[in-house]
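I opened the notebook to look up a hairpin, then a core, then the surface. The entries follow in that order.

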Amino acid sequence: MSTLNLVPWRERQRQAVMGRWQWGVLLSGLATAAVVHLVDQGLAAINQAHEERMASWLSQQQALQATLSDAAVWQARERQAKHVQLVWPRWRQQQWRAWQALMQVLSVRPYGVQLTVADWHEGQWRLQLRALHSSQVQRWQSTLQAKGLVLSLKPSDTPAVWWRCPQGRLWRLHSFELHTVSQGGAS
(Lines give C-alpha, C1' and ligand atoms only; values in the text may rest on other atoms or scores of the structure.)
Protein backbone atom coordinates (compact mmCIF):
# COMPACT_ATOMS: atom_id res chain seq x y z
CA MET A 1 0.00 0.00 0.00
CA SER A 2 2.92 2.32 0.66
CA THR A 3 3.98 2.07 -2.97
CA LEU A 4 0.68 3.64 -3.95
CA ASN A 5 0.86 6.27 -1.26
CA LEU A 6 0.95 9.64 -2.92
CA VAL A 7 1.47 11.54 0.34
CA PRO A 8 4.35 9.84 2.24
CA TRP A 9 4.49 12.47 5.00
CA ARG A 10 1.07 11.28 6.27
CA GLU A 11 2.47 7.77 6.67
CA ARG A 12 5.47 9.10 8.60
CA GLN A 13 3.16 11.20 10.80
CA ARG A 14 0.95 8.18 11.49
CA GLN A 15 3.99 6.08 12.43
CA ALA A 16 5.31 8.87 14.73
CA VAL A 17 1.92 9.12 16.50
CA MET A 18 1.79 5.34 16.82
CA GLY A 19 5.32 5.31 18.27
CA ARG A 20 4.44 8.02 20.80
CA TRP A 21 1.30 6.10 21.77
CA GLN A 22 3.29 2.86 22.23
CA TRP A 23 5.87 4.66 24.41
CA GLY A 24 3.03 6.23 26.45
CA VAL A 25 1.42 2.82 26.98
CA LEU A 26 4.77 1.32 27.97
CA LEU A 27 5.62 4.19 30.40
CA SER A 28 2.13 4.20 31.96
CA GLY A 29 2.33 0.42 32.41
CA LEU A 30 5.71 0.79 34.12
CA ALA A 31 4.41 3.62 36.32
CA THR A 32 1.33 1.57 37.29
CA ALA A 33 3.49 -1.44 38.12
CA ALA A 34 5.80 0.74 40.22
CA VAL A 35 2.86 2.29 42.15
CA VAL A 36 1.26 -1.14 42.73
CA HIS A 37 4.61 -2.48 43.97
CA LEU A 38 5.06 0.47 46.35
CA VAL A 39 1.49 0.11 47.71
CA ASP A 40 2.01 -3.64 48.14
CA GLN A 41 5.25 -3.07 50.03
CA GLY A 42 3.59 -0.45 52.28
CA LEU A 43 0.59 -2.68 53.02
CA ALA A 44 2.87 -5.64 53.71
CA ALA A 45 4.81 -3.56 56.26
CA ILE A 46 1.59 -2.36 57.91
CA ASN A 47 0.20 -5.91 57.96
CA GLN A 48 3.41 -7.28 59.49
CA ALA A 49 3.37 -4.60 62.22
CA HIS A 50 -0.29 -5.40 62.92
CA GLU A 51 0.40 -9.13 63.15
CA GLU A 52 3.29 -8.46 65.56
CA ARG A 53 1.03 -6.30 67.77
CA MET A 54 -1.68 -8.97 67.71
CA ALA A 55 0.85 -11.66 68.64
CA SER A 56 2.15 -9.56 71.56
CA TRP A 57 -1.41 -8.84 72.77
CA LEU A 58 -2.27 -12.53 72.50
CA SER A 59 0.79 -13.50 74.52
CA GLN A 60 -0.04 -10.84 77.13
CA GLN A 61 -3.63 -12.09 77.31
CA GLN A 62 -2.48 -15.68 77.78
CA ALA A 63 -0.06 -14.60 80.51
CA LEU A 64 -2.82 -12.64 82.28
CA GLN A 65 -5.27 -15.52 81.99
CA ALA A 66 -2.70 -17.87 83.51
CA THR A 67 -2.08 -15.39 86.33
CA LEU A 68 -5.78 -14.74 86.94
CA SER A 69 -6.80 -18.39 86.88
CA ASP A 70 -4.47 -19.01 89.81
CA ALA A 71 -5.37 -15.87 91.74
CA ALA A 72 -7.73 -16.15 94.69
CA VAL A 73 -9.34 -12.83 93.83
CA TRP A 74 -10.34 -14.10 90.42
CA GLN A 75 -11.82 -17.25 91.91
CA ALA A 76 -13.79 -15.22 94.47
CA ARG A 77 -15.14 -12.98 91.73
CA GLU A 78 -16.09 -15.97 89.65
CA ARG A 79 -18.01 -17.41 92.63
CA GLN A 80 -19.72 -14.05 93.12
CA ALA A 81 -20.69 -13.92 89.44
CA LYS A 82 -22.15 -17.43 89.63
CA HIS A 83 -24.08 -16.44 92.75
CA VAL A 84 -25.49 -13.38 90.97
CA GLN A 85 -26.51 -15.58 88.06
CA LEU A 86 -28.34 -17.89 90.44
CA VAL A 87 -30.21 -15.20 92.38
CA TRP A 88 -30.86 -12.84 89.46
CA PRO A 89 -34.26 -14.34 88.52
CA ARG A 90 -35.49 -13.92 92.12
CA TRP A 91 -34.20 -10.33 92.23
CA ARG A 92 -35.86 -9.58 88.93
CA GLN A 93 -39.12 -11.04 90.18
CA GLN A 94 -38.90 -8.90 93.34
CA GLN A 95 -38.22 -5.84 91.22
CA TRP A 96 -41.28 -6.62 89.09
CA ARG A 97 -43.44 -7.09 92.20
CA ALA A 98 -42.15 -3.76 93.59
CA TRP A 99 -43.02 -2.05 90.31
CA GLN A 100 -46.53 -3.53 90.35
CA ALA A 101 -47.00 -2.49 93.98
CA LEU A 102 -45.91 1.08 93.17
CA MET A 103 -48.33 1.21 90.24
CA GLN A 104 -51.08 -0.06 92.56
CA VAL A 105 -50.40 2.75 95.07
CA LEU A 106 -50.07 5.39 92.36
CA SER A 107 -53.32 4.30 90.71
CA VAL A 108 -55.21 5.95 93.60
CA ARG A 109 -55.06 9.74 93.58
CA PRO A 110 -54.18 11.13 97.01
CA TYR A 111 -56.71 13.99 97.22
CA GLY A 112 -55.73 16.15 100.18
CA VAL A 113 -52.84 13.85 101.08
CA GLN A 114 -49.18 14.64 100.47
CA LEU A 115 -47.11 11.47 100.11
CA THR A 116 -43.59 12.17 101.43
CA VAL A 117 -42.01 8.70 101.71
CA ALA A 118 -42.98 5.46 100.01
CA ASP A 119 -40.87 2.51 101.18
CA TRP A 120 -41.54 -0.99 99.84
CA HIS A 121 -39.33 -3.68 101.34
CA GLU A 122 -39.86 -7.45 101.02
CA GLY A 123 -43.51 -7.08 100.16
CA GLN A 124 -44.31 -4.58 102.92
CA TRP A 125 -45.30 -0.93 102.46
CA ARG A 126 -44.38 1.94 104.75
CA LEU A 127 -45.89 5.22 103.60
CA GLN A 128 -45.31 8.54 105.31
CA LEU A 129 -47.77 11.26 104.44
CA ARG A 130 -49.08 14.63 105.50
CA ALA A 131 -52.65 15.85 105.54
CA LEU A 132 -54.76 18.58 107.07
CA HIS A 133 -56.91 16.03 108.89
CA SER A 134 -56.88 12.30 109.53
CA SER A 135 -60.22 11.91 107.70
CA GLN A 136 -58.47 12.70 104.40
CA VAL A 137 -55.94 9.95 105.10
CA GLN A 138 -58.72 7.54 106.07
CA ARG A 139 -60.59 8.32 102.84
CA TRP A 140 -57.43 7.62 100.81
CA GLN A 141 -56.79 4.49 102.87
CA SER A 142 -60.28 3.16 102.15
CA THR A 143 -59.77 3.80 98.42
CA LEU A 144 -56.51 1.85 98.57
CA GLN A 145 -58.28 -0.93 100.47
CA ALA A 146 -60.92 -1.09 97.72
CA LYS A 147 -58.04 -1.61 95.25
CA GLY A 148 -56.77 -4.54 97.37
CA LEU A 149 -54.01 -2.84 99.37
CA VAL A 150 -54.72 -3.13 103.12
CA LEU A 151 -52.76 -0.61 105.19
CA SER A 152 -52.96 0.26 108.89
CA LEU A 153 -52.91 3.93 109.94
CA LYS A 154 -51.02 5.39 112.87
CA PRO A 155 -49.98 8.93 113.72
CA SER A 156 -46.33 9.63 113.02
CA ASP A 157 -43.75 10.75 115.56
CA THR A 158 -42.62 13.58 113.28
CA PRO A 159 -44.03 16.94 114.30
CA ALA A 160 -46.64 18.76 112.26
CA VAL A 161 -45.43 21.29 109.73
CA TRP A 162 -46.94 24.62 108.76
CA TRP A 163 -47.89 25.28 105.14
CA ARG A 164 -48.96 28.59 103.62
CA CYS A 165 -51.45 28.25 100.77
CA PRO A 166 -51.44 30.61 97.77
CA GLN A 167 -54.28 32.64 99.33
CA GLY A 168 -52.01 33.42 102.30
CA ARG A 169 -53.68 31.21 104.91
CA LEU A 170 -51.47 29.19 107.22
CA TRP A 171 -52.38 25.49 107.57
CA ARG A 172 -51.06 22.85 109.90
CA LEU A 173 -50.17 19.57 108.15
CA HIS A 174 -50.20 16.48 110.39
CA SER A 175 -47.89 13.53 109.70
CA PHE A 176 -49.19 9.97 109.42
CA GLU A 177 -47.74 6.56 108.61
CA LEU A 178 -49.41 3.70 106.80
CA HIS A 179 -48.03 0.18 107.10
CA THR A 180 -48.95 -3.01 105.31
CA VAL A 181 -51.01 -5.28 107.50
CA SER A 182 -48.95 -8.46 107.78
CA GLN A 183 -50.82 -11.73 107.47
CA GLY A 184 -49.93 -14.06 110.32
CA GLY A 185 -47.05 -11.87 111.44
CA ALA A 186 -44.85 -12.83 108.47
CA SER A 187 -43.35 -10.24 106.22
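Entry 1, the hairpin. In this predicted model, I went to the hairpin of β4 and β5, where five residues lie between the strands and glycine 168 takes a positive phi near 100 degrees. I then looked up how the strands run, and found that β4, residues 161–164, pairs with β5 in the antiparallel sense over four bridges.

I asked which residues have the most contacts inside the largest nonpolar core. This core has 15 residues, and the list I wrote down is Trp125, Leu127, Leu129, Val137, Trp140, Leu151 and Leu178. Tracing the core back to its elements, I found that α2 (72–106), β2 (124–131), α3 (134–146) and β5 (170–180) each supply at least two residues, and that the largest share, four residues, comes from β2.

I turned to a nonpolar surface patch of about 460 Å², which is made by Trp23, Leu26, Leu27 and Leu30. Is leucine 30 buried or exposed? I located leucine 30 in helix α1, residues 8–70, and recorded it as exposed because its relative accessibility is 53%, while the cut-off for exposed is over 50%.

Conventions:
Residues numbered from 1 in each chain as written. Predicted model: local features only at pLDDT ≥ 70, side-chain atom pairs only at ≥ 80, totals over all residues. Heavy atoms only, no water. Core = buried A, V, L, I, M, F, W, Y, C linked by side-chain atoms within 4.5 Å. Buried < 20%, exposed > 50% of the residue type's maximum accessible area, 1.4 Å probe, protein only. Pairing = 2+ DSSP bridges. Patch = residues over 30% accessible without salt bridge, like charges linked within 9 Å, V, L, I, M, F, W, Y side chains within 5 Å. Areas by Shrake-Rupley, 256 points an atom, 1.4 Å probe, with all protein chains shown as cover. Salt bridge = Lys/Arg side-chain N within 4 Å of Asp/Glu carboxyl O.
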